[in-house]
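Please keep the sequence and the model in view while going through the points.

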Amino acid sequence: MSAAGERPWTADLGDGTYRNPVLNADWSDPDVVRAGDDFYLTASSFGRVPGLPLLHSRDLVNWTLIGHALDRLEPAADFAVPRHDGGVWAPSLRHHAGRFWIFWGDPDHGIQQINAEDIRGPWSAPHLVKAGKGLIDACPLWDEETGEAYLVHAWAKSRSGIKNRLTGHRMSPDGRELLDEGKTLIDADTIPGWFTLEGPKLYRRDGEFWILAPAGGVTTGWQGAFRSREFFGPYEERVVLSQGRTETNGPHQGGWVTTAAGEDWFLHFQERGAYGRVVHLQPVRWDDDGWPVIGDGGEPVAVHTKPAAPEQSAAAPAGGDSFPGGRYGRQWQWTANPRPGWTVEHGGDGLRLSCVRTAYAHDLRALPNVLVQRLPAETFTVEAELTLGSEVAGAKAGLAVLGDAFSWIGLERTADGAGGIRLVHRYAETVAEHERDAEHSRPAPGGRARLRIEVTPGARCRFHADTGDGTGLRPSGQVFAATPWRWVGALLGLFATAPPGTGPAGTACFTGFRTTP
């Protein structure tokens, strides 16, 4: 649900070419599949809910968010609190036997699978295919020639003590069980110069098994390709995409897709600090030895001719939201499994959040009831109007930039309750391994404020507010540098809290949420 007048950032240059990134936000670890003339993409969603975003395109350049495949994270009790770097890692999306399939690894629980006849659902309940710690980046393959099915996955050293290795299994055709104990397909410790091999995607082409897998680390790595006549190997390898002379660091981990016109393309991410992992689109050709050549001779392209595909209007996932009918749009996720009562239904426009009672209101990173979305561009402005409708002393609500450090600006009912409402700008960051807090405040006698955050290159955030006191929109506090979590980019967030106690604590109403690149 886009706010009226919002102009989304788009990669489509309107002259038959596109610029990278095609998705200029944190759509981490993308995978893509074609069904007819339609392309669908999913990405890591980690501990946010709903999970497994589903994006649609007709030309691989212009994308819209059409929903999510995962309503809640399981085990539900584990995700009742934020697990910012846990949950859904590097999913694989496939279309087989008239159904869409998504496999992913949860590093703390194992490999899970869901499937659906329609990409928009309903999706099956998650099924645990392989239990264990450190099992990540799972990808299935159904061999249409033989009827055999296979699965490959990587390992997270943080949970298993194993890394730089890809393991393969034979799998039942229904995708529900593995038929053997597994075998190491590729041990990159035996390949000179290779480290952190992960994120495999499994394919079949011209009678050969292909594994496209990144190595070298998130920020500075490269894309590898492995091929073998037999699933269990041996495999030969080649580097098929790297930064080279370009400014695109670590171009790797993603999916290969063939268009209806027979063109091959590769979607991958680039890690960009607080902005997360943005998505690039590269052309693919095949050399005389049958190896893929990705981009321009193995280096990323910045601008390129669009794929031969049906015409599509310029598009990008929405950022702004007018909250029609009191409902929030698909771009929003909670930081943990949601609970009844966090939002309040009403007949008009605007989002009403309950002021949830908690002892952790001082640290947004620990709150499950923060409604978040990705930073939509490198440079942008976000605005929202806020009304605080609580009589509980200490109740607060605001607009936040949330990551390993966080900062928010909003309204708080003052300590004596009847004394009124003040505007508050607070930030918390880690400096030399110690938490540093700061707070700025001024009266907001009307209980309303217009909030704005201006984000400039480097994810430097300047906060502003207009409390309706006649002084207009004024800057507040210092410039805040947004920071990512370990694997997740910084997020925009809305929240409402109140101190511990009993009974309802009122609501906060957000209206006119706008993002302007």
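1. Which residues have the most contacts inside the largest nonpolar core? They are V401, L494, F510 and F513, and this core has 49 residues. A nonpolar core is a set of buried Ala, Val, Leu, Ile, Met, Phe, Trp, Tyr and Cys residues joined through side-chain atoms within 4.5 Å; buried means under 20% relative accessible area, exposed over 50%, and partly exposed in between (1.4 Å probe, protein chains only). Strand β27, residues 380-389, gives the most to this core, with 5 residues.

2. The model is predicted, so to speak of local features requires pLDDT of at least 70, side-chain atom pairs count only at pLDDT 80 or more, and totals for chains, interfaces and linings use all residues. Residues are numbered from 1 along each chain as its sequence is written, and side-chain values use heavy atoms, with hydrogens and water left out.

3. A second, separate core has 39 residues, among them A215, F226, F406 and F495. Leaving aside neighbours within four places in sequence, V401 is in contact (heavy atoms within 4.5 Å) with residues including F406, I453, F463 and L492.

4. Strands are DSSP runs of E with at least two residues, and helices are runs of H or I with at least four; both are numbered from the N terminus. An open sheet is formed by 4 strands in the order β2-β3-β4-β5, with antiparallel pairing; two strands pair if DSSP finds at least two bridges between them. The edge strands, β2 (31-35) and β5 (64-70), each pair on one side only. Within the sheet, 3 bridges join β3 (residues 38-42) to β4 (residues 51-57), and F39 has S57 as its bridge partner in β4.

5. The structure holds 21 aromatic pairs. Rings of Phe, Tyr and Trp (its six-membered ring) pair if their centres lie within 6.5 Å; planes under 30 degrees apart count as stacked, over 60 as edge-to-face and the rest as tilted. Y150 and F231 form a tilted pair, 4.4 Å centre to centre with 35° between the planes. These two residues are 81 residues apart, and both are buried.

6. Why is the pair of W210 and W286 edge-to-face? The ring centres are 5.6 Å apart and the planes lie at 75°, so the pair is edge-to-face. W210 lies in strand β15 (residues 208-215) and W286 in strand β20 (residues 277-286), so the pair ties together parts 76 residues apart in sequence. Ring pairs also link Y203, W210, W256, W286 and W291 into a cluster.
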